[in-house]
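The sequence and structure come first.

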Amino acid sequence: MSSFTIVENLTNHRLLSHLTALDQYQLEEFKLHLQPPGSSEWVLGTNSIQFSWPRNSRVPWAELRAADAVNLFFLLNKNFSEWQVWEVALSIFQKMNLTSLCEEVREEMKGHVQTQEPQDPNTEEPEVLEGETGHVQTQEPRDPDKEAAEVLEGETEYRREFRERLKNNILATWDNISWPEDHMYVCSTSENEREEMQRLLDPNRTGAQAQTIVLEGRPGVGKTTKAMKAMLYWADGILFQRRFSYVFYLSCLKMKYVEEITFADLLSWDQPNSQTPIEEFMSQSEKLLFVVDGFEEMTIPEPSPYPLGDSLPCTDWYQKLPVIQILLSLLKKELVPLATLLITTRMPHTKALEKLLVNPCFVHITGFTEEDQEEYFVSHFGDQRKVKTILEQIRQNEILFNFCSAPMVCWTVCSSLKQIKERDYDLQPITETTTSLYAYFFSNLFSTAEVDLEDQSWPEQWNILCTMAVEGMWSMNFNFREEDNQLMEVPLIESLLHLNILQLVSDYEDCITFTHSSFQEFFAAMFYVLEESQEFLHWSKKHEEMKIILRSVLVNKEPYWTPVVLFLFGLLKKDLVRKLEDTLHCKMSSRVMEELLEWKEELDKSDTASVQFDILQYFRCLHETQEEDFIKKMLGHIFEADLDIFGNIELRASSFCLKHCKSLSKLRLSVRIIPERATGFLDQRYSRMRQWGDICTVFTTHRNLRELDLSNSELSDSSMGMLCCVLRNPQCQLEKLTCRSITPVSVLAKLDQVLYWNKKLSYLNLSSNKLEEVSWILRALRHPACNLKYLWLESCGLVSVVCWDLFRKLRAKSSLKFLSLGDNDFSDMKGLSQPSRIRNFPLKDLSLERCNLSVATCPHLASFLINVQKMTRLCLGFNQLQDNGVEVLCGALTHSRCTLERLELWFCQLGALSCRHLSAALLKNNSLKHLNLSKNNLRDEGVKFLCEALSRPECNLKSLDLSGCSFTAKGCQELADALKHNHNLKILDIGRNDLQDDGVKLLCEALKASNCALNTLGLEKCNLTAACCQHLSSVLSSCNSLVNLNLIGNDLETDGAKMLCEALRNSMCNLQKLGLQDDLHNIVREELLTSRKELFLKLKCTWDFNNPEDRWWW
């Protein structure tokens, strides 16, 4: 198993940034363009490009419709290859007329091709050489030993000395590292380590050497070691001889303490007594390799005179500049454009680094493999059987197990467990949490250590050490010079070095570091729980700092402080506190729990923080404490929980914490643990089932729990059976159950018993499951005890015959009132025209959106509308019905037996002719009250036809959606004239049309008419400016009926917003909901703070497209 892996799809993350930059309207349009084969000829827009759609690449509509930008990105990557994702995105961006974005994407695709050209996997990888012209050329593979001999034979005396000096420096650095005596280095490298090193500089195996390679990974996993080995292979003449003439090692730790220097002097650092051939380096820059080690040491604090992206380019090797500016110019390929860079950095710093680099290739260093860990533990404990038992317990704690990829953490764990095993203690309490193991480790070290310190000095000395650790975390400093620790007494420093808690930095004199970053994180956390003396309490900033890092981890979801926060919660465990106080001679504060409770109360009052809160990370933190009374208080106001349970630690933390969430009303679980198939010992599988059982139990103990979403879960028969058993319990109060994309699909059949016995369950969503048969659903629906009212079967691979069977077998007395069959292929709907099949049809609400319906199916749909007596709503959106199909449907609408009240025809490729047919039908139909025609190309002509009906008193329409229908101010004139004569229309959405200020002015005149009954008006993204606000203000001050107004997506500017505020303060204004851009939203809220009006007005700056209230405003 390799100790490093290539990071795939890194360039796709740039596509993610493009998707997240789209506004909600654009994102919705992007999803509508994401069509399967056969649909591309009728999607929005006309500027399409030729693109061969991949086979079997249909994105389920049920998942796509609800996806935000991030989930859309994952859906694209799930259904397309890496290159196809880019092609699909470019195709859609072009259809959306996003010209500048298309150019940017093309450039990125072009750059990706240049660095990722495909190569025939059956041919050997050619060596890449630099020709005399400087262009890249390929040759047949050569014998590396023969190549090295040829190159070394003709090298200069200076180059031989340079090579020898580099080798000696590397070996001296390794020799100076003060490892613990019983620590040993093991690594399961391949037999041909030389090939692995060669691949390090050609990680994608394209044959074209990458010019910028980044080794990323956790602290202590071997990034620097890997880079130094590559340099050593070059210095020994084994590898990279034709590729590189010189290799330079640049330590960021050393450079951070240098103020100004020239680049030429920087390259001469390790060779002060020789004449450095700078001109030779400059003339052969394509043959230089720069190893930049520890980029995190150079992270620039903000504010800085040298911002990452704005520093002036440095191209002069002899110009004296701040060292950070030289480094940035080197990384950005401004200083030595043709040179190769090999950079090492810790994981949290990768994003900052990526912004600086040109086409980087990222290699993830994984550190110890599981085989390495086992070998390491065997070397400490000897007995392989005992080692397997120990590792099995450690695997239960995935955080600790992942930490063990770093060799020094393995040593820490082994040292702790060896001491415990010698005393025959039970390992389980020590390995249960990461904090407990570290606490026992440090406690056991100091319980036997002899440190020449007075008893009264210990608290102050621990405070100094912890202060150094936490200040290092805040400043991202992991190495400390003498002035950083001068307050620490020599005996303690010597003891910390002897116990391998601290170690000397091998390549920098008088500098110390924590032996592993987790040691620094532990003592940084300890800083916040140490008791302070009374004299310092009044000016201490501990509490405020603690709130900042808690928000960073649990709200902003930044990983940097995560280990510190986990240790912080773990250090609240009372038995650990007592043990540490006894052995470390320190005193922990009793106020930390109270401060955390106060922080949580503050957070609960913040709407923004509550929405962004990382509940699973919060559970992990609380699980570290193991203090149930404290946990109950911290979880008392958790009403919703969204949990992805993919491993043991998530399962343990969730089962531990959910039982204390007594106020929980909504739970989403995405579970990926199937105990029967899990690897490991029997007790581990039993433990998982027990923990899953604890989660299931909450459905009988939590009286407020009404909703469960299990989407994207993998469940075994036994785990699903355990859940269904609980859901059948009379104590279960569950009303809504969502099970989209469940694996395997067969486990869903166990829900039939739940439908029989749980009379409270009225909502079931089984979308995005390939249901081979639905007989169990039909049996449940026909059962007299079943009380299901709402059923979703979208994207389930159903065909027309299943639809007929479902309609035919539904009992007249069935409780089911709503059925959504969207995104299934119902192109053959002949069965719907047979009255005998649908005589007892009980549904009131049916959705057939995106069901491949066409003009040919409309006669059958029309017959269906005439023959069903109870149905009041039909959604046919996202089908190619066209004008001819609507003409047929309108014939049914005018039939006396048609009872339809709501008809949705959004995105059905309709034109003005459809409006003529609908206008005639509206004058003859007394039941139809709601009509949705959004996303159709109706234009001004179509609006004119509709207004012929709207202006007549016999038209009963109450709500009309014409958003995105390509009409202008001319259409507004028609609507304004109609509204003056219409007493019934309450809701009108005309957003996403180019109405401009003139169009709104016309509407406002109509709204001021005394007989206008409109209460909801949608004007989102209509190219409005501040100029229309005077007319809108006049309406708000005089129109008593208007209560909802959507202006989101319009640049009304500050002056426009203030003009609206004047009207909002008016006592005649009855507005209850107002949608505005984010920046204007805050201005209006501040303006209304002094008015009681703010208490009754709901301001919105975003909305959920899948929430009917937000999407249509009614």
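Of the 1114 residues in the protein, 56% are buried (under 20% relative accessible area, with exposed over 50% and partly exposed in between; 1.4 Å probe, protein chains only). This is a predicted model, in which local features need pLDDT of at least 70 and side-chain atom pairs count only at pLDDT 80 or more, while totals for chains, interfaces and linings use all residues. Residues are numbered from 1 along each chain as its sequence is written, and side-chain values use heavy atoms, with hydrogens and water left out.

**Overall make-up**

- The protein has 49 helices and 30 strands (DSSP runs numbered from the N terminus: H or I of at least four residues for helices, E of at least two for strands).
- Among contacts with a separation of 6 or more, 80% are between residues 24 or more positions apart (contact means heavy atoms within 4.5 Å).

**Salt bridges**

- Side chains of opposite charge can pair when their charged atoms come close.
- The count of salt bridges comes to 28 (a side-chain nitrogen of Lys or Arg within 4 Å of a carboxyl oxygen of Asp or Glu).
- Glu602 and Lys547 form a salt bridge at 3.5 Å, N to O. Glu602 lies in helix H29 (residues 592–604) and Lys547 in helix H26 (residues 542–554), so the pair ties together parts that are 55 residues apart in sequence. Glu602 is partly exposed at 43% relative accessibility, whereas Lys547 is buried at 17%.
- Lys31 pairs with Glu28, with 3.9 Å between the closest N and O atoms. Lys31 and Glu28 are separated by about one helical turn because they are three residues apart in helix H2 (residues 24–33). Both residues of this pair, Lys31 and Glu28, are buried.
- Arg591 and Glu595 form a salt bridge, their closest N and O atoms being 3.8 Å apart. Arg591 is partly exposed, with a relative accessible area of 38%, and Glu595 is buried, with 15%.
- A network of salt bridges links Arg65, Glu794 and Glu849.

**Positive surface patch**

- Lys789, Lys817, Lys844 and Lys870 gather in a surface patch of positive charge. Patches are made of residues with over 30% relative accessible area and no salt bridge, like charges being joined within 9 Å and nonpolar side chains (Val, Leu, Ile, Met, Phe, Trp, Tyr) within 5 Å. Lys and Arg count as positive and Asp and Glu as negative, with His and the chain ends not counted; the place of a charge is NZ of Lys, CZ of Arg, CG of Asp or CD of Glu.
- Lys817 sits in the loop between helix H38 (800–809) and strand E20 (818–820). Lys817 is partly exposed, at 31% relative accessibility.

**Two loop positions**

- Gly1049 is in the loop between strand E28 (1044–1046) and helix H46 (1053–1064), and is partly exposed at 26% relative accessibility. Beyond its neighbours within four places in sequence, Gly1049 contacts Tyr25, Lys1021 and Gln1077. Gly1049 and Gln1077 are 28 residues apart in sequence, with 5.9 Å from C-alpha to C-alpha.
- Lys750 occupies the loop between strand E17 (736–738) and helix H36 (752–757) and is partly exposed at 33% relative accessibility. Not counting residues up to four places away in sequence, Lys750 touches Asp717, Met720, Gly721 and Cys724.

Note on methods
Areas by Shrake-Rupley, 256 points an atom, 1.4 Å probe, with all protein chains shown as cover.
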